[in-house]
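Please open the model in your viewer and keep the selection tool at hand. The stops below proceed element by element.

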Amino acid sequence: MSDVVTVGLAELKVTDNTHVLASFGLGSCVAVALFDPIRKLGGLAHVMLPESRGRESDLTPGKFADKAVERLAEELVEKGARRRSLQCKIVGGSEMFQIISAGLRAQKAPAAASGNIGARIVEAVKRALEQLGIPLAGEDTGGNYGRTVRFEVSTGRVEVSSINHGKIVL
Amino acid sequence: MLMSDKEGRSFSELQLDALREVCNICAGNASIALSQLLLKKIDLSVPRATLLPLTGVNDLVGGAEKQVAGIYLHMEGDCGGSILLLIEKESAMTLAGLLIKQGETPSGDQVVCASALQETGSILLGAYLNALGHLTGLYFKPAVPAFALDMAGAIMSYALADLAAAEDFVLAIETDFQVSGQWIGGHMIMFPDFGTMDIITERLGVPIE
């Protein structure tokens, strides 16, 4: 059994094949798993927001989609991964909240500045991947429920679990 | 004791005391509303104020995967931030049962339960915000509260997205409540943005340096 290393909100961790990287309780956040299946290196970022707009912090390298993808790729290459073998799987980006109206019909919550945030993060991650020429090898995004992600670095296997939607393997 | 984040913002014990006291009164007001709704006594904890890194948020309320009913109120107006009411799933179902008078475990419609819980959350968080407005003389415009029954981490991180855009640390002011004689308990958490904290502590006469 491999060691499980937790990647918390806005964190980013890169490691070799002995670890499982996990993010628990993803809502609108997106877990970005980037790996080199040949060199068996991988990293996971727990992304909270789509664009950095110039903001950056060493404390929270995984916070913004654009910076997180760049940083993951850089750190993996530094550790010996080959840029052209990198692959990516992404999970999360749901819309968590609903407003239940008097007619008992559930609607999407129109949260102020964070409206549609899950989808916007997913889009931003894909844009960043495209710019770096990294293929998307798997995706479980959207919906309106929370997810937990376990990323087995040695195999690139990503296991997604949730409360009511069972388990998916990417 | 002094708590500070990486930008050197720090809160003295006096300021944290002031924030705790304010939230104590707000939570008290919310608990009176719940008490009137259920015709039962509510016990409240002393509020805890913690400055924690974003990565530490998921340790609140017993772990990111804990199943909770969450009602989220986005604060707008003179000040910004989020207020959350989080109730563990079993507690929430018991509470819904009391509200719609179907006994302890309502087997009925999930949407009806969700609606009852959202309405309760709306009343409680509204009372909380009202007290905050009275105490500080500030105007708060509550947005429509939103509801989710899911993992605590998924709910809290959503509520923190706006705050996280500018900050790596958040201040969480938590109050636990318990409905006397019932297995119903929950948490009220306020995540004020840093501007809000400045304004609140200034109004209370203990400005942040």
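Begin by selecting Gly80(A), which has a positive phi of about 115° and lies just after H1(A). Helices here are DSSP runs of H or I with at least four residues, strands are runs of E with at least two, and both are numbered from the N terminus. The model is predicted: local features need pLDDT of at least 70, side-chain atom pairs count only at pLDDT 80 or more, and totals for chains, interfaces and linings use all residues. Residues are numbered from 1 along each chain as its sequence is written, while chains are lettered from A and ligands numbered from 1 in the order in which they are written.

Next, select residues 65-78 of chain A, helix H1. At 1.5 Å a residue, its 14 residues should span 20 Å, and the end C-alpha atoms are 20 Å apart, which agrees; the expected span is 1.5 Å times one less than the number of residues. Colour Ala65(A), Lys67(A), Ala68(A), Val69(A), Leu72(A), Ala73(A) and Leu76(A), which are buried (20 or more other C-beta atoms within 10 Å of the residue's own, with C-beta atoms placed from the backbone). These buried residues pack against strands S2 (12-15), S4 (30-36) and S5 (41-47) and helix H2 (117-132) of chain A.

Now display the open sheet of chain A, where five strands run in the order S1-S3-S10-S11-S12 with mixed pairing. Strands pair if DSSP finds at least two bridges between them. S1 (3-6) and S12 (167-169) of chain A stand at the edges with a single partner strand each, so one side of each has no neighbour in the sheet. Within the sheet, S10 (147-152) and S11 (157-161) of chain A are antiparallel partners over five bridges; Phe151(A) stands opposite Val158(A) in S11(A).

Show both chains together. In contact across them are 33 residues of chain A and 35 residues of chain B, contact being C-beta atoms, placed from the backbone, within 7 Å. On the chain A side, S3 (19-26) and S7 (98-100) of chain A are the elements that give two or more residues.

Finally, move to chain B, which has five helices and 10 strands. Of its 209 residues, 50% count as buried. Select H2 (89-99) and H3 (110-136) of chain B: their axes come within 9 Å and cross at roughly 90°. Axes are lines fitted to C-alpha atoms, for helices over the stretch in contact, and angles run from 0 to 180 degrees between N-to-C directions. Ala92(B), Met93(B), Leu95(B), Ala96(B) and Leu99(B) in H2(B) meet Cys113(B), Ala116(B), Leu117(B) and Thr120(B) in H3(B).

Conventions
A residue is buried if 20 or more other C-beta atoms lie within 10 Å of its own, exposed if 12 or fewer, and partly exposed in between; C-beta atoms are placed from the backbone. Two residues are in contact if their C-beta atoms, placed from the backbone, lie within 7 Å.
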